[in-house]
Amino acid sequence: MNLLAYYLECYMGCVICPWDMLRFIRLRHPTIDGRCGLILSAFGWSRHNRMSTAPTKSAMQSAKMKKDESFLGKLGGTLARKKKSKEVSDLQEEGKNAIISSMQPSCAELLPEDTLLEENAERSILDPSSRDNHKFKDLQKVLIDWINNELVEERIIVKDLEEDLYDGQVLQKLFEKLSQRKLNVAEVTQSEIGQKQKLQTVLEAVNDVLRPEGWSVEWGVDSIHSKNLVAIVYLLVALAMHFQGPVRLPEHVSVQVVVVKKKEGILHTSHVTKELTTTTEMMMGRFERDAFDTLLDHAPDKLNVVKTSLITFVNKHLNKLNLEVTELDSQFADGVYLVLLMGLLEDYFVPLYNFYLTPESFEQKVHNVAFSFELMQDGGLKKPKARPEDVVNLNLKSTLRVLYNLFTNYKNSE
């Protein structure tokens with residue numbers, strides 16, 4: 001018994017299963033086997049205790065998961081620190097690039113198709129700063145209005161030059177209207193191949209007309225179909241000038257173009273200035289300088305004499321309605337006096353529902369001036385070269401042109 005107590009005392013200071021201790025005692029001292037169960041029971045040990053003391057499978061898995069979680073936690077912390085460090089590095093690099101780029105000239109964003117070039121091939125992209133240029137926007141607006149006026153009988157309305165002209169459909173109708181000839185092309189083409197074939201036919205016909213006049217061809221099938229705005233505007237300006245479109249193009253319109261060229265497998269970029277329009281004097285056809293250009297440039301002192309003559313002319317007729325004009329550039333800007341004057345000159349009453357008697361918005365004023373231009377054409381006059389928007393914007397030269405056109409045709413009218 002003393003021996004058993006000795007082993008039990010040893011056990012109390014160890015971490016070992018009591019039944020493993022009992023097995024050890026039985027092997028070493030078989031004679032005390034019968035008393036082992038009683039003594040162990042007295043200490044509160046049983047076979048149930050053995051099961052509860054032995055580590056279970058779930059407990060082992062739990063311990064392993066805790067260990068794994070601890071490892072992943074340490075690993076996650078390391079990765080988080082590395083990620084944070086990388087973010088700081090990226091932020092510093094981004095700031096550095098922002099500072100450097102702010103000191104460099106802006107460059108157009110290259111699309112993936114802009115970089116897919118054959119060796120020695122090149123592509124031009126409009127610089128974003130030029131796209132927002134107000135003179136370039138004015139030129140586009142003039143060209144859009146001109147196209148819509150020419151194709152009004154076709155019920156074609158152009159709103160965006162890039163999106164509406166790239167497939168050749170509008171260009172075909174426009175060229176047929178201007179040249180008075182029919183092209184042998186399909187009316188509607190949906191496939192890219194069909195669109196390019198139509199463009200090829202249309203541009204060949206256009207080039208046959210323009211080349212003999214010395215025009216430099218700045219457009220092609222690929223550039224038009226890829227919605228190259230500069231190429232489209234070049235083409236429209238050439239058509240408007242050659243066929244003497246009844247419009248006045250803004251002078252000195254130029255844009256910046258980024259030219260991308262592939263040489264020895266490397267893309268090279270350069271900035272080029274493209275001049276779309278020059279001075280009115282240098283342009284052809286309807287764009288030749290008239291008397292008012294010469295008057296304003298070389299004899300501004302005689303301008304008051306001309307204004308006085310025109311004021312006398314318009315008041316001779318407007319006085320019939322108890323109306324009087326003292327300022328040509330401002331009092332005709334809303335179009336009301338122009339409409340009433342045309343009715344007086346042609347001796348008819350203009351219904352009030354056809355125009356705005358008291359226009360408030362810019363659009364209403366433009367409507368009135370444009371309507372007066374229609375009345376002039378109905379009376380046998382050519383469409384004024386001035387734009388309605390120019391008259392509304394108090395452009396004195398445009399207003400003088402309109403009134404002088406009326407003066408030359410109705411100066412003897414009572």
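1. The crossing of α10 and α13 is left-handed in this predicted model. Helix α10 covers residues 169-179 and helix α13 residues 229-242; the two pack at an angle of about 15°, and their axes lie 11 Å apart. The pair is therefore roughly parallel, since an angle under 35 degrees places two helices in that class. On the α10 side the contact is made by Leu 171, Leu 174, Phe 175 and Leu 178, and on the α13 side by Leu 235, Leu 236 and Leu 239. By class, the residues of this contact are seven nonpolar, no polar and no charged. The spacing of such positions follows a general rule: an α-helix has 3.6 residues a turn, so residues three or four places apart point the same way.

2. The loop between α12 (221-225) and α13 holds Lys 227. With a relative accessibility of 28%, Lys 227 counts as partly exposed. When neighbours within four places in sequence are left aside, the contacts of Lys 227 are Glu 162, Glu 163, Tyr 166 and Ile 232. Lys 227 and Asp 167 are 60 residues apart along the chain, yet a distance of 9.0 Å separates their C-alpha atoms.

3. Helix α8 (residues 134-150) also packs against α10 and α13. Its 17 residues reach 24 Å from the first C-alpha to the last, close to the 24 Å expected at 1.5 Å a residue. The buried residues of α8 include Phe 136, Leu 139, Val 142, Leu 143, Ile 144, Trp 146 and Ile 147. Gln 140, Asn 148 and Glu 150 of α8 are buried as well.

4. From α15, the contact is made by Phe 313, Val 314, His 317 and Leu 318; from α17, by Tyr 337, Leu 341, Leu 344 and Leu 345. The residues of this contact divide into seven nonpolar, one polar and no charged.

5. Asn 315 lies in helix α15, which spans residues 303-318. Asn 315 has a relative accessible area of 9% and is therefore buried, the cut-off being under 20%. Not counting residues up to four places away in sequence, Asn 315 touches Leu 323, Glu 324 and Val 325.

6. How many of the 11 residues of α17 are buried? Nine are, so α17 is largely enclosed by the rest of the structure. The buried residues are Val 336, Tyr 337, Leu 338, Val 339, Leu 340, Leu 341, Met 342, Gly 343 and Leu 345. Their cover includes α15, α16 (328-331), α18 and α20. Just after α17, Asp 347 takes a positive phi of about 65°.

7. Helix α18 (residues 362-378) has 17 residues, which should span 24 Å at 1.5 Å a residue; the end C-alpha atoms are 25 Å apart, in agreement with that expectation. Val 366, Asn 368, Val 369, Phe 371, Ser 372, Phe 373, Leu 375 and Met 376 are buried in α18. These buried residues pack against α17 (336-346), α19 (388-392) and α20 (396-410). Gly 380, whose phi is positive and near 100°, follows α18.

8. Leaving aside neighbours within four places in sequence, Glu 389 is in contact with Lys 141, Asp 145, Phe 362 and Val 366. Of these, Val 366 is also among the buried residues of α18.

9. For the protein chain overall, the secondary structure comes to 20 helices and three strands. Of its 414 residues, 37% count as buried. Among contacts with a separation of 6 or more, 61% join residues 24 or more positions apart.

Technical notes: Residues numbered from 1 in each chain as written. Predicted model: local features only at pLDDT ≥ 70, side-chain atom pairs only at ≥ 80, totals over all residues. Heavy atoms only, no water. Axes fitted to C-alpha atoms, helices over the stretch in contact; angles between N-to-C directions. Helix = DSSP H or I, 4+ residues; strand = E, 2+ residues; numbered from the N terminus. Parallel < 35°, antiparallel > 145°, perpendicular 65-115°, else oblique. Left-handed = near helix turned anticlockwise from the far one by under 90°. Contact = heavy atoms within 4.5 Å. Nonpolar A, V, L, I, M, F, W, Y, C, P; charged D, E, K, R; others polar. Expected span 1.5 Å × (residues − 1). Buried < 20%, exposed > 50% of the residue type's maximum accessible area, 1.4 Å probe, protein only.
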